[in-house]
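I opened the file to look at the fold of one chain and then at how the two copies relate. My notes are below.

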There are 2 protein chains.
Amino acid sequence: MLEGRWKLIILFHLFGGNVMRFSDLERAIPAVSQKMLIQQLRQMENDGIVRRIVHHQVPPKVEYRLTEWGQALCPALDALLSWAALREEMTASGTSSDI
Amino acid sequence: MLEGRWKLIILFHLFGGNVMRFSDLERAIPAVSQKMLIQQLRQMENDGIVRRIVHHQVPPKVEYRLTEWGQALCPALDALLSWAALREEMTASGTSSDI
DNA sequence: CAGGATCCATGCTGATACTG
DNA sequence: CAGTATCAGCATGGATCCTG
């Protein structure tokens, strides 16, 4: 469901009702390849977390946003983030958040 | 941190302060191989999520439990579970929880 | 009982090139 | 712009056998 290196990173960019185009996400996450980006977006689309909106134009325009259910994930991920942050209080190890 | 197929499953068995022996975990999670079980336990030990307690006996006895920080993960995972459960209310798709 | 060691299959990942 | 196709590399996962 949420496995895959990029899912969470993508979600963080989509939270708060953010609507992003494919190229927006590419720019926001420079480390990801197009293949991985589209792959993980498609998976989340199938899982009902992300909604894909195609605007039939030239040039093409495709937007991604969270579904209602996807938005509901927000508090859970916040809890995970604060858990990860809690570690730094206890150990002061400088590695940033990989959940 | 929490990647790997078995981490969450292991954690669920350890929550609530549960103390389990290696063989207990093997029995509780029949699908996991010994190699995977020990590997993921070791990783979580290194990450400070799980504590490993060796009793020097014959036969050997090794117990696993959560660290303080590991216990702190509980509410976050609960949030994830209720999120997953929310799906069934909305879609009624019978697939059980894979997060 | 609680692992360690080894070998092997799979799959995820990424770089690159191409398309409607 | 928003993808698709292809190929290669490495990590992950698993089965089996062995040990203190």
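This is a predicted model: local features need pLDDT of at least 70, side-chain atom pairs count only at pLDDT 80 or more; totals for chains, interfaces and linings use all residues.

These entries go from the sheet to the helices and then to the pair of chains.

I looked up the strand order in chain B and found an open sheet of three strands, ordered 1-3-2, with antiparallel pairing. At the edges I found strand 1 (20-21) and strand 2 (50-55) of chain B, each of which pairs on one side only.

**Entry 2, one strand pair.** I then checked how strand 1 of chain B pairs with strand 3 (residues 61-66) of chain B: the sense is antiparallel, over two bridges.

I asked which strands helix 1 (residues 7-14) of chain B touches. Helix 1 packs on the sheet and touches strand 1, strand 2 and strand 3 of chain B. Its direction makes about 95 degrees with that of strand 3 of chain B. I also traced helix 3 (residues 34-46) of chain B, which lies across strand 2 and strand 3 of chain B and runs at about 110 degrees to strand 2 of chain B.

I superposed chain B on chain A: the rotation is 179 degrees, the shift along its axis is 0.0 Å and the RMSD is 0.1 Å. The two copies are therefore related as by a two-fold rotation axis. I looked for the C-alpha of chain B nearest the axis, and it belongs to B:A76, at 2.9 Å. Last, I compared the contact residues: 100% of those of chain B recur in chain A, so the same surface serves both copies.

Terms used: Residues are numbered from 1 along each chain as its sequence is written. Chains are lettered from A and ligands numbered from 1 in the order in which they are written. Side-chain values use heavy atoms; hydrogens and water are left out. Two strands pair if DSSP finds at least two bridges between them. Helices (H or I, at least four residues) and strands (E, at least two) are DSSP runs, numbered from the N terminus. Contact means heavy atoms within 4.5 Å. Axes are lines fitted to C-alpha atoms, for helices over the stretch in contact, and angles run from 0 to 180 degrees between N-to-C directions. Copies are superposed by least squares on the C-alpha atoms of residues with pLDDT of at least 70 in both.
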